[in-house]
Amino acid sequence: MIVATLGAVVQRQQLRAELKKARNKSRLTQLQVAERMDWSPSKLIRIEAGQVGISTNDLRALLREYGITDPEQTEFFLSLARASRKMPYREYRGLLAKPYMDLLSYEVSASIVRTFEPLLIPGLLQTEEYSRAVSLTFAPDIAGDRLDRLIEIRQQRQEILENDERPEFFFIIDEAAIHRWVGGPRVMRGQLERLKEMATRPGISIQVVPFGIGAHAGLQGPFVLLEFDGEIDHILYLEKYTGESVFSDDPEATAVHLERFWELERLAPREDLPRLVDHAIEGLGERVDSTPQEEVGLMA
């Protein structure tokens, strides 16, 4: 069970926005502030970009330069700074890449999460067996306790789906993902049955783009769009198959992908999901009863 404060990355982004607003209100440039604080200009630039945190002492001194001395205002900034340092999943830091940890933090703080996946079932919807098969395929050298901990992280991430205050989730999957036998027929049947069950839950939308559509813009790759209440910019997350992950809050990039998502929604009627998933289950046929050995050892 995750007990750390959630949304640390988002808190840092809010702190970044508030500090920039305070500096602009004081009519000081970044260079002027850096000189007054005896910092290198790059330090302030990184703080305002949300790339690094800021200590309590530095923050108090910075606020004084901006003319902010009111105790209530000061405490507001300090609370953002403290929360931004309390990262979830900290105990797994050696296992998880920083971009993935940032995604988890953004995810729990979002109001809407839109996910498109052309090849695999999205991680938040994966069964434990499916997750294990994917992990072994992408990282065949991982085994034993390390693999078990990775699967544990994936399962803990799904706790957000049980939270009454969770974001609204929209998932779109290409039909290829529901016909690919990840982990073998038995594992795939369990995954498809879970997909149908999750689609009945309030606040969770799952759609499948059918093969009959042919080529579509989503084939350019998977993406996640995270939307937030308040003044926080929308975030685009791109996970490339080379292993590289990219975040962007560029309005043009997020707008392009939002329009792409809406187009994919139009191509994937929600009411077609049960029929398409049942067809995929039927395609498993008698091989659903295959033995674990026939499943290429992915359940070991």
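**The largest pocket and its surroundings**

Reply: The largest pocket has a volume of about 1,100 Å³. The model is predicted. Its lining counts 40 residues. Nearest the centre of the pocket lie Tyr100, Phe138, Arg154, Tyr237 and Glu239.

Which elements build the lining of the largest pocket, with at least two residues each? They are helix 6 (98-109), strand 1 (112-117), helix 7, helix 8, strand 4 (223-227) and strand 5 (235-239). Helix 8 gives the largest share, five residues. By class, the lining splits into 25 nonpolar, seven polar and eight charged residues.

Now the two helices of the lining that pack on each other. Helix 7 covers residues 128-138, and helix 8 covers residues 144-157. Their axes lie 10 Å apart, at an angle of about 130 degrees. That makes helix 7 oblique to helix 8. The crossing of the two helices is right-handed.

What meets what in the contact of helix 7 with helix 8? Helix 7 brings Glu128, Ser131, Arg132, Val134, Ser135 and Leu136. From helix 8 come Leu147, Asp148, Ile151, Arg154 and Gln155. These contact residues are four nonpolar, three polar and four charged.

Helix 10 (residues 185-198) and helix 12 (residues 273-284) cross at roughly 165 degrees, their axes coming within 10 Å. The two are therefore roughly antiparallel to each other. Their crossing is left-handed. On the helix 10 side, the contact holds Pro185, Met188, Arg189, Leu192, Glu193, Leu195 and Lys196. Helix 12 answers with Val277, Asp278, Ala280, Ile281 and Leu284. The contact residues are eight nonpolar and four charged, with no polar ones.

How many cavities of 30 Å³ or more does a search of the whole structure find? It finds one. The largest cavity holds about 30 Å³ of space. Arg12, Leu15, Arg16, Leu19, Ile47, Val52, Gly53 and Ile54 line the largest cavity. Helix 1 (residues 8-25) supplies the largest share of that lining, four residues. Five of the cavity's lining residues are nonpolar, one is polar and two are charged.

Technical notes. Residues are numbered from 1 along each chain as its sequence is written. This is a predicted model: local features need pLDDT of at least 70, side-chain atom pairs count only at pLDDT 80 or more; totals for chains, interfaces and linings use all residues. Side-chain values use heavy atoms; hydrogens and water are left out. Axes are lines fitted to C-alpha atoms, for helices over the stretch in contact, and angles run from 0 to 180 degrees between N-to-C directions. Angles under 35 degrees count as roughly parallel, over 145 as roughly antiparallel, 65 to 115 as roughly perpendicular and the rest as oblique. A crossing is left-handed if the near helix is turned anticlockwise from the far one by less than a right angle, and right-handed if clockwise. Contact means heavy atoms within 4.5 Å. Ala, Val, Leu, Ile, Met, Phe, Trp, Tyr, Cys and Pro count as nonpolar, Asp, Glu, Lys and Arg as charged, and the others, Gly among them, as polar. On a 1 Å grid over the protein atoms alone, a cavity is a set of points where a 1.4 Å probe fits but cannot get out, and a pocket is an open set with protein on both sides within 12 Å along at least five of seven lines; lining residues have an atom within 4 Å of a point. Grid points are joined across faces, edges and corners, and a volume is the space filled by probe spheres set on the points.
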